[in-house]
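Please read the points below with the sequence and the model at hand.

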Amino acid sequence: MSRIIDRRQMLRGAALAGGGLALSAYMPAWAQTNSTGLATPLPTVTGNDITLRIARQTMMIDGRPSKAIGINGTVPAPLIRLREGQNVRLNVINDLDEDSSIHWHGLLVPPQYDGVPGISFPGIKARSSFLYEFPLKQNGTYWYHSHSGLQEQLGHYGPIVIDPADADPVQFDREHVIVLSDHSQISPAAIFRYMKVNPGYFNYQQQTLAGLLAGKDQTLKERMDWGKMRMSPTDISDATGPAYTYLVNGHGPRDNWTALFTPGQRVRLRIINASSMTTFNVRIPGLRLTIVQADGQNVMPVEVDEFQIGVAETYDAIVTPTDNRAYTLVGEAIDRSGLARATLAPHAGMAAEVPALRPRPLASMKDMGMDMSSMAGMDGMDMAGGGMTRGVDPTAEKNPSARLTTPGAGMATGAMAQGGSAMPGMDHGGMDHGAMAAGGMAGMDHGAIGSQQGGMGAMDMGSMKMRDFSKAPQVKKGPGVQTISPMPMDRTDYPGQGLEDVGHKVLVYRDLMSLTPNPDVRAPSRSLDIHLTGNMERFMWSFDGEKMSDVHEPIPFLEGERVRINLINDTMMGHPIHIHGHFFELVTGHGDHAPRKHTVIVQPGGKVTWDLTADAVGDWAFHCHLLYHMHAGMMRTVSVRPRGEAA
Ligand SMILES: [Cu+2]
């Protein structure tokens, strides 16, 4: 097991730390200065009685001290290793000067132990403790984190592994837990403040709407501005993101956290995205990944070269390295602003090439909730009526399809219909930009969008309005809703932004199938739409146009009922949506082998459908797991009411 430190490895580690000079002769040049190849396993706690102490601490990242909140002195918090069927008591001591909490992400526990202050329990007061106690009804890879304030951002997160009561259907010789996260030298409160003042300061996974529509990437300048604000001049040339360092098991890319293997071993990687805001694209150049579990649920093995992991998701992958060489595990941030890096190697101190960051992806039409391929063939969609077509061959206007396929007149079919091309491509693809400007799109600037609260008439794209509330009657009108996706598509066959053309197999949700038949295969008795809404310019995030603090009624469910939920993304960012106390079955055409998940990314402008059996009576949190989105109000309480006393 990886947890047991091999004495030889320890000696090797000591030699590296103390005698780096001797090694420099055969280490690659880039690795000589900083890479010590830490092969430190995560500290582990186990048993029926576990004590966890939450406290402020310092953590070292790439040789720099950083303020953090850890548990039992470590970030990530210790690996909690349990067994299915056992009863566990977790005594959580809060040594902070503020309230804290622990939520067991993905664990099915009684509601009073779910750990969300204000929903499950009052929270754990400063300098006090709380005893969690529950039976373990499941197995798999999970994690835990604070649900109080902005603590998780500082390191208050850790992995959970629950071994199955019976034989594990997944065969492996050795395993490693890989906790991906992001860490900033800037305090979470300051980050949130900056984003409220000017979301551009923190413009990672989003481009400004104005920038998209003008066909320009505005974030470059914003990133430079961000760079100027930084404390240390060396940071400006730092390869990682402007605010975040991406971590593997608490270690930065230069620390080079290393997972050991013996060539030929089947190595199980339990990968957890515990970051606050970062979607990662994970790959190990030179190795295929066999996905065997998602969100703690076993799936039919599927072989991929890369997968996207949203915040709070987990994937277990088997790799079988046969060569006596090092491999780099890359967790590239979705915006390609940096990467989390670790090494898989037969020995500590080895390193493989770290691939360069790939070009930054640009948003496509589908990210804006528009599907041009189906538009072309759609009778009701009148593309001819708006400003877009002005100046285009008038004979083409009678037939939108014809116009779309006429080179040089109208839109470039290749760019739009395939959905993989970026907005800027529209300019070169023959779209009449002047006409677009006349329609008001290209002419928009930040101010115009930010201040426009009433009719966003200027955002018509031909007859297709980008803020047509008749398409989403339940969404509350207001400045917090910048756009309504005109044609939200099921995008569970989409690998993620920037992953369409990478030349190798990338996991998509539709690849996932439950290993065993689902426990409840009833057809849903009703369905519910929930819109993911936001205003990027103001950093406002909500469900159905209303933030958590403005809503006083929970979303009601009746015990045992089966409900179909359609999550419709009216924004141009992906949101990882999580429900507590339940798993849901993704509706992706796999019948009684639908993949069961606790968190799902709803791609920009897209939608995701899942079926839920509301079998856990009580109040549960339901939210976007991008922590600053949750903090801004993209959250609800879900209330499962017992039969017999339903309101
Ligand atoms: Cu979100």
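Predicted model: local features only at pLDDT ≥ 70, side-chain atom pairs only at ≥ 80, totals over all residues.

1. Four strands form an open sheet in the order 3-2-5-7, and their pairing is mixed. From one strand to the next, the twist averages 25°. Which strands stand at the edges? They are strand 3 (64-71) and strand 7 (128-135); each has a single partner strand, so one side of each is left without a neighbour in the sheet.

2. A pairing within that sheet. Strand 5, made of residues 87-94, pairs with strand 7 in the antiparallel sense, over 8 bridges. Within this part of the sheet, V92 stands opposite F130, a residue of strand 7.

3. The copper site. Which residues coordinate the copper ion? The donors are ND1 of H575, SG of C624 and ND1 of H629, at 2.0 to 2.1 Å. Along the chain, these donors follow the spacing H-x48-C-x4-H. H575 belongs to strand 28 (residues 575-579) and H629 to helix 13 (residues 627-632); the two are 54 residues apart, and the pair links distant parts of the chain.

4. Are the two histidines, H575 and H629, buried or exposed? The cut-off for a buried residue is under 20% relative accessible area. H575 has 0% relative accessibility and therefore counts as buried. H629, also with a value of 0%, is likewise buried.

5. R174 is located in strand 10, which covers residues 174-184. Its relative accessible area is 14%, so R174 is buried. The side chain of R174 reaches the backbone oxygen of L260 at 3.0 Å.

6. Salt bridges around D316. The structure contains 29 salt bridges. One of them joins the side chains of R268 and D316, with an N to O distance of 2.9 Å. R268 lies in strand 13 (residues 267-273) and D316 in strand 18 (residues 314-319), so that pair links distant parts of the chain, 48 residues apart. R268 and D316 are both buried. D316 also meets R270 in a salt bridge, at 3.3 Å from N to O. Because D316 is in strand 18 and R270 in strand 13, this second pair ties together parts that are 46 residues apart in sequence. Both D316 and R270 are buried.

7. What links R81, D163, D168, E175, R268, R270 and D316? These residues are linked in a network of salt bridges.

8. A partly exposed pair. R288 forms a salt bridge with E303, and the closest N and O atoms are 2.8 Å apart. R288 sits in the loop between strand 14 (280-283) and strand 15 (289-294), whereas E303 is in strand 16 (residues 297-304); the two residues are 15 residues apart. R288 is partly exposed, with a relative accessible area of 39%. E303 also counts as partly exposed, at 43% relative accessibility. In the pair discussed under point 7, by contrast, R268 and D316 are both buried.

Conventions: Residues numbered from 1 in each chain as written. Heavy atoms only, no water. Pairing = 2+ DSSP bridges. Axes fitted to C-alpha atoms, helices over the stretch in contact; angles between N-to-C directions. Donors = N, O, S within 2.8 Å, 3.2 Å for Na, K, Ca; no water. Buried < 20%, exposed > 50% of the residue type's maximum accessible area, 1.4 Å probe, protein only. Polar contact = N/O pair within 3.5 Å; in protein donor to acceptor, adjacent residues only side chain to side chain. Salt bridge = Lys/Arg side-chain N within 4 Å of Asp/Glu carboxyl O.
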